Amino acid sequence: ECREVFESIEDTIVIDHHITNQSYADINYLNAVASSTCENLIVVLAAMNIAINKEIAESLYTGILTDTGAFRYNVQPETFEFAGMLLETGIDIARIYKILFKRRSKQK
């Protein structure tokens, strides 16, 4: 179903950090060194002169946190620079961590 929707769109863009990405969109932005797609999104937003407000920062931080396993995997120095930049917007990183990793049952 998602593939059908994607293929029905006239102009497509893919932003990714997985080296296995096969560049299937009209425009592809791939940086496999990045810890997460959200790091790549930060770069794209900056290039487009789009300010990152608190709401956007929460989403981007969540993506970085989940893709890195709470900063345990594939972390680069830039990962912490991006996280620091997002923190400057006033996001509550403890709350985000608690929602993501502390509210799940042990079975999950």
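Three aromatic pairs are found when the whole of this predicted model is searched. In one of them, the ring centres of Tyr 61 and Phe 71 lie 6.1 Å apart and the ring planes stand at 55°, so this pair is tilted. Tyr 61 belongs to helix 3 (residues 54-67), whereas Phe 71 sits in the loop between helix 3 and helix 4; the pair therefore ties together parts that are ten residues apart in sequence. Tyr 61 counts as buried because its relative accessibility is 6%, below the 20% limit for that class. Phe 71, at 22% relative accessibility, counts as partly exposed.

A further pair is formed by Tyr 97 and Phe 101, with ring centres 5.0 Å apart and planes at 45°, so that this pair too is classed as tilted. Both residues lie in helix 5 (residues 93-102), where they are four residues apart, about one turn of the helix. Tyr 97 has a relative accessibility of 35% and is therefore partly exposed. Phe 101 is likewise partly exposed, with a relative accessible area of 27%. Elsewhere, one aromatic cluster is made up of Tyr 61, Phe 71 and Phe 80.

The surroundings of Ile 52 were examined in more detail. With residues up to four places away in sequence not counted, Ile 52 touches Ile 42, Leu 45, Ala 57, Leu 60, Met 85, Leu 86 and Thr 89.

Thr 79 is found in helix 4 (residues 77-87). Its relative accessible area is 0%, so Thr 79 is buried. Leaving aside residues up to four places away in sequence, Thr 79 touches Ser 35, Glu 39, Ile 64, Thr 68, Phe 71 and Asn 74. One of these contacts, Phe 71, is the loop residue that pairs with Tyr 61.

How values were computed:
Residues numbered from 1 in each chain as written. Predicted model: local features only at pLDDT ≥ 70, side-chain atom pairs only at ≥ 80, totals over all residues. Heavy atoms only, no water. Helix = DSSP H or I, 4+ residues; strand = E, 2+ residues; numbered from the N terminus. Buried < 20%, exposed > 50% of the residue type's maximum accessible area, 1.4 Å probe, protein only. Contact = heavy atoms within 4.5 Å. Phe/Tyr/Trp six-rings, centres within 6.5 Å; stacked < 30°, edge-to-face > 60°.
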